[in-house]
Amino acid sequence: MRLTSNSKWNNFYLIFVFVVLYAPIFYLIFYSFNEGGTMNNFTGFTWEHYQAVFEDTRLIGIVLNTLLVALLSALIATVVGTFGAIYIYYTRKMKTRRVLLSLNNILMVSPDVIIGASLLILFTLIGFSLGFASVLLAHVAFSIPIVVLMVLPRLYEMKDSMISAAQDLGANSWQVISRILLPSITPGILSGFFMAFTYSLDDFVVTFFVTGNGFSTLAVEIYSRARRGVSLEINALSALMFLFTLVLILGYNAIQIYGQRKRDKDVKAIGFTKNEVVEP
């Protein structure tokens, strides 16, 4: 009975948390269809605010810039973070490994204001112009630790005996990495890429520090427009970004489910083949 009671209260608490988190988002989306110009009273249904978003060529350019930065930063961070995780995993000295993990975790828990301000100071000292390149480098910097944390658990789950067997059979280093190591940690690599991509899309604080004149991302643009006053075009734009993120997450989950089913199917096939060999 206690377990049932606790389970009910846990479910109630979970539902309450989700309502608190998602109610403002759905409130914003609801008024994006409001025919009136305010969020005080819903006067009628309309698509004009979404139409205004697609007719704003400057805004479309900013959206494309945001997606380009997110895609490139996620790709670069995934490559660097994956090999960084491999290096940490194969570091023999335990103290060195702990130091590297601590340095990686510090970047994860550091406030975005500190990261953005430090990058701004660094770019200013070396004379690096602020714009697309500075935003891209900043997004790569805070995305790499995310990828490392996504890939490391897969490395710990991997069986080192497979690599030893491949080396005993004459495989060189590149063959071991491309045919054994990377396929084994592919789910972690995909997780790191999607996490880095979504973090880059949503980032505001770091981007606000390192962006320059003539270049902006969607988060900074929404903030700038919101300061001028309430506009339901912002609601429509935010609703579209929420929908895009939702589709991205659903696609990632579909890939994960497909990969898990494929792995389970391969395991069953291997077990069936072994039984055939053992039986007379």
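**Helix contacts and salt bridges in a predicted model**

Reader: Okay, which residue forms a salt bridge with Glu 221?
Author: The closest N and O atoms of this pair are 2.7 Å apart, and a salt bridge needs them within 4 Å. The partner of Glu 221 is Arg 58.

Reader: How many residues apart in sequence are the parts that this pair ties together?
Author: Arg 58 sits in helix H3 (residues 57-89), while Glu 221 sits in helix H11 (residues 218-228). The bridge therefore links parts of the chain whose separation in sequence is 163 residues.

Reader: And how does Arg 58 count by accessibility?
Author: Arg 58 has 49% relative accessibility. Exposed starts over 50% and buried is under 20%, so Arg 58 falls in the class in between. That makes Arg 58 partly exposed.

Reader: Where do Glu 157 and Arg 154 lie?
Author: These two are three residues apart, about one turn of the helix. Glu 157 is exposed at 58% relative accessible area, and Arg 154 is partly exposed at 26%. Both belong to helix H6 (residues 132-157).

Reader: How are H4 and H6 oriented to each other?
Author: Helix H4 (residues 94-109) packs on H6 with axes 8 Å apart and an angle of about 135 degrees. Roughly antiparallel would take an angle over 145 degrees, and roughly perpendicular runs from 65 to 115. H4 and H6 are therefore oblique.

Reader: What is the handedness of that crossing, and how many charged residues are in the contact?
Author: The crossing of H4 and H6 is left-handed. On the H4 side the contact includes Arg 97, Leu 101 and Asn 104, and on the H6 side it includes Ile 144, Pro 145 and Tyr 156. By class there are ten nonpolar and two polar residues, and the number of charged ones is one.

Reader: How does Arg 98 in H4 count by accessibility?
Author: Arg 98 is in helix H4.

Reader: What angle do H7 and H8 cross at?
Author: Helix H7 (residues 160-168) and helix H8 (residues 173-184) have axes that come within 10 Å. The angle makes H7 roughly antiparallel to H8, and the crossing is right-handed. The value is roughly 170 degrees.

Reader: Which residues of H8 do the H7 residues meet?
Author: H7 brings Met 162, Ile 163, Ala 166 and Gln 167 to the contact. Over both helices, the contact has six nonpolar, two polar and no charged residues. The H8 residues are Val 176, Ile 180, Leu 181 and Ser 184.

Reader: How many polar residues are there where H3 meets H9?
Author: H3 packs with helix H9 (residues 186-202) at an angle of about 145 degrees, axes 8 Å apart, in a right-handed crossing. Among the contact residues are Thr 66, Ser 73 and Thr 78 of H3, and Gly 192 and Phe 193 of H9. Eleven are nonpolar and no residue is charged, and the number of polar ones is six.

Reader: Last one: which residues is Phe 242 in contact with, leaving aside its neighbours within four places in sequence?
Author: Phe 242 is in helix H12 (residues 232-278). At 25% relative accessibility, Phe 242 counts as partly exposed. Its contacts beyond those neighbours are Tyr 22, Ile 25 and Ile 29.

Definitions and conventions
Residues are numbered from 1 along each chain as its sequence is written. This is a predicted model: local features need pLDDT of at least 70, side-chain atom pairs count only at pLDDT 80 or more; totals for chains, interfaces and linings use all residues. Side-chain values use heavy atoms; hydrogens and water are left out. Axes are lines fitted to C-alpha atoms, for helices over the stretch in contact, and angles run from 0 to 180 degrees between N-to-C directions. Helices (H or I, at least four residues) and strands (E, at least two) are DSSP runs, numbered from the N terminus. Angles under 35 degrees count as roughly parallel, over 145 as roughly antiparallel, 65 to 115 as roughly perpendicular and the rest as oblique. A crossing is left-handed if the near helix is turned anticlockwise from the far one by less than a right angle, and right-handed if clockwise. Contact means heavy atoms within 4.5 Å. Ala, Val, Leu, Ile, Met, Phe, Trp, Tyr, Cys and Pro count as nonpolar, Asp, Glu, Lys and Arg as charged, and the others, Gly among them, as polar. A salt bridge is a side-chain nitrogen of Lys or Arg within 4 Å of a carboxyl oxygen of Asp or Glu. Buried means under 20% relative accessible area, exposed over 50%, partly exposed in between (1.4 Å probe, protein chains only).
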